[in-house]
Amino acid sequence: MDKRSFLKSLGGLLALSVTPMHLLSKKSEEFFSFFSEQKFTNDIWKDVRQDYELSTDFINLESGFYCMLPKPILENYLENIRKVNFLHTYYKRKIMADDKVKIIKKLSEFVGCSPEEVIVTRNTTESIDTVISGIDWQKEDEIIYAAQEYPAMIAMIQQVARRYGVKPVEIQIPFNPQSDEEILKLYQTKITKKTRLILVSHIINITGHVLPVKKICEMAHQRNVEVIVDGAHAIGHIDFQISDLGCDYYASSLHKWLSVPLGAGLLYVRKEHIPKIWPLLADNEYPKEDIRKLNHTGTQPFAVQLTIPFAIDYLNKIGLKNKEQRLKTLKFHWYKKLWALQHPNLIYNSPISEERSCGIGTIGVKNIAPTELADILFKEYKIWTVGIDFAGVNGVRVTPNIYNTLEEMEALQTAILRIANSRR
Ligand SMILES: Cc1ncc(COP(=O)(O)O)c(C=O)c1O
């Protein structure tokens, strides 16, 4: 297909996506029963797609930053904004506390922990910084982390290094390890008597590599080392419960894969650790054993948090397992064939094995800078991704969502292959 006909067919494809608003007009009960009656075939994903108002100008494969709200969640959010505005300070003074209890109950059930061990924060950054900055560090304590961790978290580790004399210990995670043991060994060999904390991503955001967090926690606990998990990309993306992992702390951003409006995250702290963590924002309201001491935020956009229960209901109706499987299907649909080619011009940054994969995949083309590759994809093929050049990862990160189609993933695959072939 030449570029012209490619773009033409793309235009046709995208025109199909213009949303007829039909699901939005349904009341939420009808909307949810619509889902429960359906089987999750390729057809149902076409219906799910109609829940999103998508641009007809480009294929959006950049859900890794934050996720677009489907129209039912957006409507619920707008209702919540109106409610908070209408009831004004009466809402905050008389109603919010009860709503908060309900939100925490629902969230804790969804993520699998006790309501006394979780708070709603603004995002993963706030959650992780609360823990790392809140520990009573001793000089020469050590923190192990991978070079592929999110830069803001590495910055906080470096800050406590400067402030308290903590020693940062960095490891490199291989793109395609042969076994979990290979990864465990990387952490294990760095543990010393001074090691106090391991920071580990549940999903490495720049490669989509799902790490064996449970095994890392077991190994670390045998050596009296605590583990904080950066789950920014895991909640609402892969099917698991925090209680399954055995971690000490877990952080996530709910505005990513749970599709909560921007500005919501969570922090889980295992009960026994709560007393020793200092709040990021000082609090005199709660005793030191109460996790709410870590949640003194000042006045907030309450409507964001109020939308969490609806976002959970929305996802539960689709089913987290179904969503995880669909996102993996989308990844493998474009990545597997490119992988099989082992093209000399391609740089494969993401794992190929089923158990280490999720919806995220990253691929580069030799001698093209990642930002340039992203620009080519956008300008010439109308595909929106992001270039990543960090910690040995070189390429565009592709993060489809449940509204993306198999055809769109094929369009990406074709585009990448053409660009790679043009560089021979
Ligand atoms: C692994 C990881 N951790 C943390 C963050 C920070 O998330 P937020 O900006 O919502 O705090 C991100 C953002 O993409 C991420 O990918």
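Let me begin with the ligand, around which we find Asn123, Thr124, Thr125, Tyr150, Ser201, Asn205, Asp230, Ala232, His233 and Ser253, where a residue is near a molecule if its C-beta atom, placed from the backbone, lies within 6 Å of it. Sorted by class, this shell has two nonpolar, seven polar and one charged residues; here Ala, Val, Leu, Ile, Met, Phe, Trp, Tyr, Cys and Pro count as nonpolar, Asp, Glu, Lys and Arg as charged, and the others, Gly among them, as polar.

Please keep in mind that this is a predicted model, in which local features need pLDDT of at least 70 and side-chain atom pairs count only at pLDDT 80 or more, while totals for chains, interfaces and linings use all residues. Residues are numbered from 1 along each chain as its sequence is written.

Turning to the domains, the protein is divided into domain 1 (3–18 + 54–65 + 320–422) and domain 2 (79–314), with bounds that come from an automatic or database domain assignment. Their centres, taken over C-alpha atoms, are 29 Å apart. Domain 1 gives 23 residues to the contact and domain 2 gives 15, two residues being in contact if their C-beta atoms, placed from the backbone, lie within 7 Å. On the side of domain 1 that touches domain 2, the largest share, five residues, comes from H12, which spans 320–341; helices (H or I, at least four residues) and strands (E, at least two) are DSSP runs, numbered from the N terminus.

What about the core? The largest nonpolar core has 110 residues, of which Ile198 and Ile216 touch the most other members; such a core is a set of buried Ala, Val, Leu, Ile, Met, Phe, Trp, Tyr and Cys residues joined through C-beta atoms within 7 Å. Helix H4 (residues 71–111) gives the largest share of this core, eight residues. Because domain 1 and domain 2 both give residues to this core, it lies between them. Leaving out residues up to four places away in sequence, Ile216 touches Leu184, Tyr187, Ile198, Val200, Leu211 and Val227.

Apart from neighbours within four places in sequence, Pro261 is in contact with Leu69, Tyr77, His255, Val304 and Thr307.

Definitions and conventions. A residue is buried if 20 or more other C-beta atoms lie within 10 Å of its own, exposed if 12 or fewer, and partly exposed in between; C-beta atoms are placed from the backbone.
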